Amino acid sequence: MQYGITFAPLVPALVLWIALAAIVAIAALLLIGRARGAWVRLGALALILLALSNPSFTREEREPLSSVAAVVIDKSPSQNFGDRKRETAQAQEALVNRLKQIKGLEVRVVEAGQADGETDGTKLFGALTNALSDVPTDRVAGAFLITDGRVHDIPANAAALGFQAPVHALITGSKDERDRRIAITAAPRFGIVGQSQTITYRLDDQGIVNDRAKVTVRRDGDVISERTVLSGQTVNVEIDIKHAGPNIVEIEASPVENELTLVNNRAVVAIDGVRDKLRVLLVSGEPHAGERTWRNLLKSDASVDLVHFTILRPPEKQDGTPINELSLIAFPTRELFQQKINEFQLIIFDRYARQGVLPIAYFDNIARYVKNGGAVLVSAGPDYASTTSIWRTPLDVVLPAEPVGVTEKPFYAHLSDAGKRHPVTRGLEGSSTEPPHWSRFFRTVDTRNPTTAPVMTGADGKPLLLLSRYGEGRVALLLSDHIWLWARGYEGGGPHLDLLRRMSHWLMKQPDLDEEALRLSTQGKDLVVSRQTMADGVPPVTVTSPSGATRNLTLSAADPGSWRATTPADELGLWQATDGTLKALINVGPINPKEFSEVTSSTEPLKPLTQATGGDARRIADSSGVELPRIIPVQASSVFRGDGWLGVRMRDASVVRGVGVLPMFSGLIGLLLLLGAFAATWLREGR
């Protein structure tokens with residue numbers, strides 16, 4: 001119960017101030033002139049002024065409100081290292097029990113810092129603000145953070161907290177923790193295929209001084225360098241960009257004894273390879289109706305540098321025309337097939353037969369070119385089944401099928417079972433109907449002894465398109481020269497651009513078109529695991545999160561040859577996937593996630609803020625277990641810490657439940673007071 005006096009003036013405040021000024025002036029005159037009854041007169045005037053102020057006695061019925069203390073539990077991935085998870089659980093239970101024993105204290109517990117795949121770092125103060133958002137500042141008793149000390153949203157000063165109460169940090173972990181990590185300081189996003197890019201990294205050791213580590217660098221799983229690096233040393237490593245698409249570079253440091261975690265010993269950089277110019281050599285035999293199909297396709301691609309030769313006059317042709325009158329250029333065979341052959345990413349033979357232009361030794365060069373990683377595409381016509389076929393050269397070890405004849409009959413090209421799964425031919429427009437929604441071909445080259453299953457079949461189910469590998473290189477054999485009918489729109493045409501472009505990119509090792517591949521990608525908040533295969537099924541995939549937790553995923557068929565599964569990408573950092581044979585890596589979020597940049601526990605990051613609020617940051621675990629300081633309620637103080645204790649600020653906040661008001665000058669009481677004052681003045685004057 002509280003008592004007081006309130007005023008509800010009967011006239012405007014300005015009138016009261018003028019009246020007060022007049023009374024003061026009259027009092028001065030009366031006192032200076034030593035008039036009789038001056039004090040009585042002044043008392044009467046004062047009562048009149050008081051009556052105009054309309055004072056009232058008040059009585060308030062108040063209900064005290066509890067003070068509120070918040071307990072924020074750090075649930076970030078770094079809290080899973082060592083014994084921190086157990087220490088956090090024990091500290092939470094003991095702290096909440098002690099706080100609940102304090103009379104008039106409300107305890108709120110909030111968990112924060114959980115990995116969500118979006119937030120970079122541990123954010124505890126945002127959760128603290130949300131927990132106290134509905135609590136008036138005069139009711140906040142303080143806050144306790146149970147954490148490893150690595151918090152990434154610490155306010156700049158105590159005023160930014162929005163309340164005046166102590167903040168205490170109870171730190172899990174131990175002082176002697178050790179950790180090693182690879183920190184990427186500079187990394188390119190793109191690189192030109194055939195050139196090199198520089199990645200800069202640093203070996204960071206915490207709790208370790210002047211140690212050395214073996215650092216291994218891998219590109220697409222292959223070791224490209226190993227070296228010894230000193231703690232704190234910054235190193236540049238040159239990475240050759242071997243192919244278009246993602247070039248996955250792993251940098252891994254050897255572990256140190258009693259290391260806290262191994263998850264940050266490895267860093268991954270994905271450099272997208274971009275081809276500056278694709279150098280393609282197109283060699284056409286005698287002119288034919290479909291010759292320009294290949295030329296138009298390649299010339300329409302701005303990224304292709306095309307060198308095209310058509311054999312118009314073979315050496316054996318002798319018709320008496322003087323050489324100086326021929327508008328032809330000599331075929332630079334030695335320059336193309338011996339000196340500069342390795343500068344081409346793809347060599348295309350379009351209805352080419354041996355005509356004495358290329359010596360046999362140059363075909364041997366082409367075979368070695370393919371074995372060492374080159375690519376050859378043969379668009380075959382009747383020439384392939386002739387006695388001058390390029391099969392009857394050293395290229396026979398490269399080509400996937402031996403010609404035996406030519407079939408002349410109309411037919412629809414079909415996707416084989418392998419073709420329905422192969423990325424080059426899967427989902428070709430028009431392939432889903434019977435017959436396929438594209439025009440017919442009228443000629444196919446018959447073959448035998450294919451080294452691989454065809455992806456497309458022709459007349460009588462015979463092979464039409466074969467895609468094979470030889471050594472490090474790739475070979476495509478198209479056993480019909482009627483693809484130009486699709487390009488010309490005959491009977492509605494067909495998907496020639498899509499097929500020929502995919503085939504060319506597969507030959508030039510575009511990773512997206514590999515037959516066997518395991519890939520990771522992100523889609524919204526999910527991690528997508530994709531498996532491309534030519535097999536009937538795929539084994540389960542084990543996914544490892546940045547914190548080291550593993551998940552076993554069973555993939556489901558999405559399309560022929562394509563299997564998929566999704567899992568929440570609820571952590572930032574390096575994700576890994578493997579099916580026992582293939583491996584895939586992806587970095588979700590920044591290259592150097594804050595959560596794993598510093599994983600050793602420490603009181604230092606939070607100590608300035610906690611002590612500025614009167615609180616403290618202390619370790620709670622030692623070799624004997626978890627031990628919390630005593631929690632003491634403090635009424636009025638600027639310091640809430642001491643030897644073996646921490647304090648909470650108890651508030652005097654209350655809420656009004658009822659109010660009683662008694663006006664002083666209302667009714668008979670007010671009238672008697674005023675009449676009494678005037679009567680006293682009259683009596684004094686009468687004397």
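A residue is called buried when its relative accessible area is under 20%, exposed when it is over 50%, and partly exposed in between (1.4 Å probe, protein chains only). By that rule, every residue named here from strand 6 is buried: Val-167, Ala-169 and Ile-171 point one way, and His-168 and Leu-170 point the other way. The model is predicted, so local features need pLDDT of at least 70, side-chain atom pairs count only at pLDDT 80 or more, and totals for chains, interfaces and linings use all residues. Residues are numbered from 1 along each chain as its sequence is written, and side-chain values use heavy atoms, with hydrogens and water left out.

**Parallel sheet**

- Five strands in the order 4-3-5-6-33 form an open sheet with parallel pairing. Strands (E, at least two residues) and helices (H or I, at least four) are DSSP runs, numbered from the N terminus; two strands pair if DSSP finds at least two bridges between them.
- Strand 4 (105-112) and strand 33 (617-619) are at the edges with a single partner strand each, so one side of each has no neighbour in the sheet.
- From one strand to the next, the twist averages 20 degrees. Angles run from 0 to 180 degrees between N-to-C directions, and axes are lines fitted to C-alpha atoms, for helices over the stretch in contact.
- Helix 3 (residues 84-100) lies across strand 3 (67-74), strand 4, strand 5 and strand 6, and runs at about 165 degrees to strand 5. Contact means heavy atoms within 4.5 Å.

- Five of the five residues of strand 6 are buried, so the strand is largely enclosed by the rest of the structure.
- In a regular strand the side chains alternate between the two faces of the sheet.
- Strand 5 (residues 140-147) and strand 6 (residues 167-171) run parallel and are joined by five bridges. Leu-145 has Ala-169 as its bridge partner in strand 6, and Phe-144 stands opposite His-168.
- Strand 6 is also joined to strand 33 by three bridges, and these two run parallel. Here Leu-170 stands opposite Arg-618.

**Val-68 in strand 3**

- Val-68 is located in strand 3 and, at 0% relative accessibility, counts as buried.
- Leaving aside neighbours within four places in sequence, the contacts of Val-68 include Leu-105, Glu-106 and Arg-108. Among the others are Leu-132, Val-135, Arg-139, Val-140, Ala-141 and Gly-142.
- Val-68 and Lys-525 are 457 residues apart in sequence and 35 Å apart in space, C-alpha to C-alpha.

- Eight bridges pair strand 13 (residues 245-253) with strand 14 (residues 266-274) in the antiparallel sense. Glu-250 stands opposite Val-268 in strand 14.

**Nonpolar surface patch**

- Ile-5, Phe-7, Leu-50 and Phe-57 make a nonpolar surface patch of about 390 Å². Patches are made of residues with over 30% relative accessible area and no salt bridge; like charges are joined within 9 Å and nonpolar side chains (Val, Leu, Ile, Met, Phe, Trp, Tyr) within 5 Å.
- A salt bridge is a side-chain nitrogen of Lys or Arg within 4 Å of a carboxyl oxygen of Asp or Glu. Accessible areas come from the Shrake-Rupley method with a 1.4 Å probe; for residues, only the protein chains shown count as cover.
- Phe-7 belongs to strand 1 (residues 2-7) and is exposed, with a relative accessible area of 53%.

**Backbone features in loops**

- Glu-434 and Pro-435 are joined by a cis peptide bond with omega at about -5 degrees. Pro-435 sits in the loop between helix 8 (417-421) and strand 21 (441-448).
- Glu-491 is not a glycine but has a positive phi of about 55 degrees. This residue lies in the loop between helix 9 (483-488) and helix 10 (496-507) and is partly exposed at 38% relative accessibility.
- Lys-509, also not a glycine, has a positive phi of about 65 degrees. Lys-509 is found in the loop between helix 10 and strand 25 (517-523) and is partly exposed, with a relative accessible area of 26%.
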